[in-house]
Amino acid sequence: MSLRSRITGTGSYAPKKILDNFDLEKMVDTSDEWITERTGIKERRIADSSEAASDLSVEASKRALQSAGLKAKEIDMIIVATVSGDMPIPSTASFLQHKLGAKNAAAFDLNAACSGFIYGLAIADSFIKARGFKKILLVGVEVLSRFTDWEDRSTCILFGDAAGAVVIEPTEKDRGILSTHIYSDGSLWELICLPGGGSKCPSSKETVEKRQHYIKMKGNEIFKVAVRTLEKIVVDTLKANKIKPSELSLLIPHQANLRIIQATAQRLNLSMDRVVVNIDRYGNTSSASIPVALDEAVRTGRICDGDHILLEAFGGGLTWGSALIKW
Ligand code: ACO
């Protein structure tokens with residue numbers, strides 16, 4: 001049996017403060033009915049002003065380490081997928097390494113927007129198989145509320161804050177990550193971007209006045225590309241592993257829009273009881289959405305040993321990807 005990597009622990013954390021659709025009705029020209037019908041979102045979590053991405057990550061990571069039965073110093077690599085880290089320098093993974101006391105871990109961030117967790121799984125899987133790493137902590141975390149324009153009704157209804165973490169270890173058994181698939185198309189970068197504050201357009205009085213320090217999105221155009229792309233990769237991923245949709249126990253999709261999730265499930269002929277949906281409670285938490293949904297599925301007993309689980313995501317870049325796991 002060849003070496004595989006396997007998720008041995010999961011954890012998640014969401015800030016306490018809830019912002020529901022009725023709160024948003026008081027902030028912008030929108031309605032609970034519009035948001036629910038168009039997105040499936042009812043409420044989202046907002047980080048306290050004292051909480052940065054690394055603070056959310058610490059809580060999720062402690063829970064993942066506990067469920068894997070590991071101490072922080074046993075971790076040899078920390079990967080944090082995020083687009084809303086504590087600071088541009090250093091990485092959020094560096095803060096997390098220090099706060100956890102993970103003294104023996106390499107640490108870095110990766111930015112693949114909403115596909116970040118899937119990209120992270122692909123990287124962790126490769127480091128375990130090719131470089132002999134033994135215990136990798138992979139975190140997806142976002143504090144998107146800090147980069148959301150609370151005057152723009154087309155985006156502020158969508159995003160939320162959360163963190164999800166997994167521990168990945170090698171196994172020689174016939175289980176674990178069966179395959180990962182990652183893709184991008186940078187020609188479509190303008191469909192979702194945060195234009196201000198980088199080297200292209202450094203922060204200035206002008207960038208702030210133009211509100212360029214907030215996320216800009218052409219939601220309707222992303223929607224169409226997302227549905228088309230996700231329908232293709234879920235089918236391709238199952239084919240690559242010679243697995244029929246009927247053999248799939250659970251689909252854990254990135255939570256961007258309930259209608260996108262339903263379209264993907266329909267393409268596989270999966271009933272919605274085989275799809276993990278928590279967008280109603282968290283909104284779109286980008287890199288965090290899959291590990292949070294996975295952790296909830298594990299903790300509520302929705303995943304059993306030997307189950308085939310398909311993960312998929314789509315996001316800024318554009319980026320997209322999928323992973324098939326035998327639990
Ligand atoms: N409340 C009420 N009306 C609104 C709101 C709102 N919050 N937002 C937009 N509208 C209006 C628009 O102005 C428009 O009005 P008009 O017809 O008079 O011009 C109308 O509603 C329809 O707008 P659309 O943008 O066409 O609405 P759509 O059905 O596409 O839903 C949404 C918008 C929810 C954003 C959807 O397109 C979507 O989910 N897109 C995908 C987003 C996504 O997947 N992003 C991925 C990555 S995120 C990341 O990488 C961090």
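Which side chain does D149 meet in a salt bridge? R211 is the partner, at 2.9 Å, N to O. Keep R211 in mind, as we come back to this residue. One caution before that: this is a predicted model.

Let's start with the layout. The protein chain splits into domain 1, residues 4–173, and domain 2, residues 178–326. Their C-alpha centres are 14 Å apart. In the contact, domain 1 puts in 50 residues and domain 2 puts in 46 residues.

Now the area. Together the two domains bury about 3,700 Å² between them. Carbon and sulfur atoms carry 63% of that. Three residues to look at on the domain 1 side are C114, I118 and Y119. They supply 18% of the area that domain 1 buries against domain 2, more than any other three residues.

Next, the polar side of this interface. Between domain 1 and domain 2 there are 2 salt bridges. Polar contacts across the interface come to 23 residue pairs. Which elements of domain 1 give two or more residues to the side that touches domain 2? Among the helices, look at helix 2 (32–39), helix 3 (53–68), helix 5 (116–131) and helix 6 (153–156). Among the strands, look at strand 1 (4–13), strand 3 (43–46), strand 6 (136–143) and strand 7 (161–171). By residue type, that side of domain 1 has 22 nonpolar, 15 polar and 13 charged residues.

Back to R211. This residue sits in the loop between helix 7 and strand 10. Besides D149, R211 forms a salt bridge with E151, with the closest N and O atoms 3.6 Å apart. E151 is in the loop between strand 6 and helix 6, and the pair is 60 residues apart. Buried or exposed: how does E151 count? Exposed, at 60% relative accessibility. R211 is partly exposed, at 27%. The backbone of R211 deserves a look too. Its phi is near 60°, a positive value in a residue other than glycine.

K242 also has a positive phi, near 55°, and is not a glycine. You will find K242 in the loop between helix 8 (219–240) and strand 11 (250–253). This residue counts as exposed, at 76% relative accessibility.

On to the other salt bridges. The total count is 15. Take D55 and K99, with their closest N and O atoms 2.9 Å apart. Why does this pair tie together parts that are 44 residues apart in sequence? Because D55 lies in helix 3 and K99 in helix 4, residues 92–100. Both ends are partly exposed: D55 has a relative accessible area of 24%, and K99 is at 39%.

Now K326 and D174. They form a salt bridge, with the closest N and O atoms 3.2 Å apart. K326 is in strand 13 and D174 is in the loop between strand 7 and strand 8, so this pair ties together parts 152 residues apart in sequence. D174 is partly exposed, at 41%. R4 joins in as well: R4, D174 and K326 are linked in a network of salt bridges.

Last, the cis peptide bonds. One runs from I89 to P90, with omega near -5°. P90 is in the loop between strand 4 (77–81) and helix 4. Another runs from G317 to L318, with omega near -10°. L318 is in the loop between strand 12 (308–315) and strand 13.

Definitions and conventions: Residues numbered from 1 in each chain as written. Predicted model: local features only at pLDDT ≥ 70, side-chain atom pairs only at ≥ 80, totals over all residues. Heavy atoms only, no water. Domains from an automatic or database assignment. Contact = heavy atoms within 4.5 Å. Buried area = accessible area lost by both parts, 1.4 Å probe. Salt bridge = Lys/Arg side-chain N within 4 Å of Asp/Glu carboxyl O. Polar contact = N/O pair within 3.5 Å; in protein donor to acceptor, adjacent residues only side chain to side chain. Helix = DSSP H or I, 4+ residues; strand = E, 2+ residues; numbered from the N terminus. Nonpolar A, V, L, I, M, F, W, Y, C, P; charged D, E, K, R; others polar. Buried < 20%, exposed > 50% of the residue type's maximum accessible area, 1.4 Å probe, protein only.
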